[in-house]
Amino acid sequence: MATLKDITRRLKSIKNIQKITKSMKMVSAAKYARAERELKPARVYGTGALALYEKAEIKAPEDKKKHLLIGVSSDRGLCGAIHTSIAKTLKNEITNLSNAGKEVMVVGVGDKIRGLLQRTHGNYLLLTFKEVGRRPPSFGDASVIASELLNSGYEFDEGSVIYNRFRSVISYKTDEKPIFSLETVAGSESLSIYDDIDADVLRNYQEFTLANILYYSLKESTTSEQSARMTAMDNASKNASEMIDKLTLTFNRTRQAVITKELIEIISGAAAL
Amino acid sequence: MSSAVVLPFPVALTLPGSGAAAMVAYWRQAGLSYIRYSQICAQVVRAAMKPQYKAEAERAAMATVKTVKPKKE
């Protein structure tokens, strides 16, 4: 049976938490609106970059050994299952590819990915990036990531970008988009139908496509993250209100019990005189 | 497979099966990647903009991502 003071303390702290989660929800609602607005033109970059791969039906030959996985997330938590879904997909892919005998390296965009993977799969981590999620991503960010990747010296044959694709305010889906190396694209037979392509143009295009795909996945990822955080904070505020209601009832019951006890003591004390 | 061999400092590259030689861009010869080249071009364009549009463009182009190299233990 808790004392009145304990219940009062608890009630006060839960009320504060409710205020905080409500304000976090407002903030992420505003950030979500902005992210969704910026996502529309950004989608063009992504679909444009991937269109060549789809139209020319470029597929990596099965015997290629070196794989690269890029997991796109952010630094900040309290957004539901955003980070864990990316990490889970990454871990599954690592296991599948390692069992198939391929060499895998992982690039993590966002501190949370590094945190989730370092303990168990730390030796697969090639690079990580931080300060993601504080401000909306720009093409400059995607360029930095792409440049670091190209300068890292890891000559991958095939790769994929794993990100959370934004579907609607309440739903997102973890998706995977392929990236190919220069040799795979140059060696593909269907490329001969295109005019005026030489190795230099292809190399430029490959580098630019990498930056484009990263930009697209960053934009989608931030929008999904803000919508997930909005939902999570909304649920937290609702839970907090429920707890406040229940606690207020117990507080009143406890208060009445204390008063009744005091009355009984007074009355029984008076009767003893 | 592919007959395009990427030498450390290529001067002329050939596409598989075509036989025609192509000149490599001057910036590629100087060691820049396409991403770095397009970044420099964009910087120049932004510097040439009128002041009222320049501030907007500078803000939109800021890159805040930092690299963390994993420590080898």
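Helices (H or I, at least four residues) and strands (E, at least two) are DSSP runs, numbered from the N terminus. This is a predicted model, in which local features need pLDDT of at least 70 and side-chain atom pairs count only at pLDDT 80 or more, while totals for chains, interfaces and linings use all residues. Residues are numbered from 1 along each chain as its sequence is written, chains are lettered from A and ligands numbered from 1 in the order in which they are written, and side-chain values use heavy atoms, with hydrogens and water left out.

**View 1. Chain A, its elements and its overall dimensions.** Chain A has six helices and five strands, and from the N terminus on these follow the order α-β-α-β-α-β-α-β-β-α-α. The radius of gyration of chain A, taken over C-alpha atoms, is 27 Å, whereas a compact globule of 273 residues would have a value near 19 Å by the rule of 2.2 Å times the number of residues to the power 0.38. Along the principal axes, the C-alpha atoms of chain A fill a box of roughly 110 × 40 × 25 Å. Of the 273 residues of chain A, 43% count as buried, a term that means under 20% relative accessible area, with exposed meaning over 50% and partly exposed in between (1.4 Å probe, protein chains only). Among the contacts (heavy atoms within 4.5 Å) in chain A with a separation of 6 or more, 77% join residues 24 or more positions apart.

**View 2. The largest nonpolar core and A:Leu68.** A nonpolar core is a set of buried Ala, Val, Leu, Ile, Met, Phe, Trp, Tyr and Cys residues joined through side-chain atoms within 4.5 Å. The largest one has 41 residues, of which A:Leu68, A:Ile70, A:Val107, A:Val109, A:Leu126 and A:Ile179 touch the most other members. Helix H6 (residues 199-272) of chain A gives the most to this core, with eight residues. Apart from it lies another core, of twelve residues, including A:Ala87, A:Leu90, A:Val104 and A:Ile162. When residues up to four places away in sequence are not counted, the residues that A:Leu68 touches include A:Met105, A:Leu149, A:Tyr154, A:Phe156 and A:Glu158.

**View 3. Two loop residues of chain A with positive phi.** Most residues other than glycine have a negative phi. A:Leu78, in the loop between strand E1 (66-72) and helix H2 (82-99) of chain A, has a positive phi near 60°, and this leucine counts as exposed because its relative accessibility is 53%. A:Glu131, in the loop between strand E3 (125-130) and helix H4 (139-151) of chain A, likewise has a positive phi near 60°, but A:Glu131 counts as partly exposed because its relative accessibility is 26%.

View 4. Chain B has three helices and three strands, which run β-β-α-α-α-β from the N terminus on. Buried residues make up 16% of its 73 residues, and residues 24 or more positions apart account for 0% of the contacts in chain B with a separation of 6 or more. B:Tyr53 lies in helix H3 (residues 51-60) of chain B, and B:Tyr53 counts as partly exposed because its relative accessibility is 48%.
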